[in-house]
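User: I am new to reading protein models. Could you take me through this one, feature by feature?

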Amino acid sequence: MDGEFYILNYIQDQLRTDFLDKLMPAISFLGKAGLIWIVIALLCLFFKRSRLLGRSLVFNLIFNLVASSLIIKPIVSRLRPCVLDSTVELLVKLPFDTSFPSGHTLFAFGAATIIFIYNKWLGTAAYIFGFLMAFSRLYLYVHFPTDVAFGAVFGVIFAVIAYKMEGMIFDRTKPLFVIRNRHKT
């Protein structure tokens with residue numbers, strides 16, 4: 001754990017700036033409760049071209065929520081670095097749950113993996129955002145590096161599992177529901 005505190009303290013001592021002190025909480029806020037991924041999934045559901053992606057994102061988000069928040073976090077029950085070292089000034093409110101794995105990172109990498117399956121270019125952009133999300137959790141001193149690393153790995157693995165499970169449950173050639181235009185021209 002000393003090596004992990006070394007990394008976190010290096011970020012605090014060498015990389016903290018006024019600009020990042022404003023940017024990192026904003027990035028982290030977008031990942032709170034999977035907010036940005038929920039919004040993207042819901043938006044995708046409204047357009048025929050992206051409806052299957054939206055369904056896959058929703059399925060993945062639910063799978064990740066159950067796997068991480070209801071199973072892994074309670075079993076591991078790891079304290080956050082900001083709880084173990086309260087000398088660091090937090091830029092965000094102290095999170096209420098445990099530290100391992102980083103849910104923000106897990107949801108970001110899970111969603112990025114699903115998006116990548118459907119669209120390589122957008123998926124790559126989502127992975128870049130996922131890296132920013134992961135870094136924000138370290139910058140904000142609310143996760144250890146291993147929390148973030150395992151969040152990324154679990155996010156990718158769980159997304160692949162969720163995608164395969166969804167394929168077994170639903171026919172991917174047909175969206176779950178169709179929004180029809182009642183006004184024909």
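Analyst: We will go from the whole chain to single residues. Keep in mind that this is a predicted model.

User: Where do I start? What does the secondary structure of the protein chain come to?

Analyst: Start by counting elements. Here there are eight helices and zero strands. Read from the N terminus, the order is α-α-α-α-α-α-α-α. Then look at the overall extent. Along the principal axes, the C-alpha atoms fill a box of roughly 65 × 35 × 25 Å.

User: What share of the 185 residues is buried?

Analyst: Burial is judged by relative accessible area, and under 20% counts as buried. In this chain, buried residues make up 44% of the 185.

User: How do I read contacts along the sequence?

Analyst: Ask how far apart the partners are in the chain. Take the contacts with a separation of 6 or more: 79% of them join residues 24 or more positions apart.

User: Which residues have the most contacts inside the largest nonpolar core?

Analyst: A core is a set of buried nonpolar residues joined through their side chains. The largest one here has 36 residues, and Trp 37 and Leu 57 have the most contacts inside it. Helices H1, H2, H3, H4, H6, H7 and H8 each give two or more residues to this core. Apart from it lies another core, of six residues, including Ile 72 and Phe 154. Now zoom in on Leu 57. Beyond its neighbours within four places in sequence, Leu 57 touches Ile 40, Ala 41, Ala 111, Ile 114 and Ile 115.

User: How do I read one helix?

Analyst: First the general idea. An α-helix has 3.6 residues a turn, so residues three or four places apart point the same way. Now take H7, residues 120–139. It has 20 residues and spans 28 Å from first C-alpha to last, close to the 28 Å expected. Its buried residues include Gly 123, Ala 126, Tyr 127, Gly 130, Met 133 and Ala 134. The buried residues of H7 pack against H1, H2, H3, H6 and H8.

User: What happens at the start of H7, and what comes just after it?

Analyst: At the start, a side-chain oxygen of Asn 119 comes to within 3.1 Å of the backbone nitrogen of Trp 121. Just after H7, Tyr 141 has a positive phi of about 65°.

User: Loops next. Is Ser 102 buried or exposed?

Analyst: Ser 102 lies in the loop between H5 and H6. Its relative accessibility is 0%, so Ser 102 counts as buried. Its side chain makes a polar contact of 2.9 Å with the side chain of Thr 105. Beyond its close sequence neighbours, within four places, Ser 102 is in contact with Arg 137, His 143, Asp 147, Val 148 and Gly 151.

User: And Val 88, in which loop is that?

Analyst: Val 88 is also found between H5 and H6. Val 88 is buried because its relative accessibility is 15%. Leaving aside neighbours within four places, Val 88 touches Gln 12 and Tyr 141. Val 88 and Thr 113 are 25 residues apart along the chain, and their C-alpha atoms are separated by 33 Å.

User: Last, the cysteines. How many disulfides are there?

Analyst: The whole structure has zero disulfides. Then check burial. Cys 44 is buried at 10% relative accessible area, and Cys 82 is buried at 7%.

Definitions and conventions: Residues numbered from 1 in each chain as written. Predicted model: local features only at pLDDT ≥ 70, side-chain atom pairs only at ≥ 80, totals over all residues. Heavy atoms only, no water. Disulfide = S-S within 2.5 Å. Buried < 20%, exposed > 50% of the residue type's maximum accessible area, 1.4 Å probe, protein only. Helix = DSSP H or I, 4+ residues; strand = E, 2+ residues; numbered from the N terminus. Expected span 1.5 Å × (residues − 1). Contact = heavy atoms within 4.5 Å. Polar contact = N/O pair within 3.5 Å; in protein donor to acceptor, adjacent residues only side chain to side chain. Core = buried A, V, L, I, M, F, W, Y, C linked by side-chain atoms within 4.5 Å.
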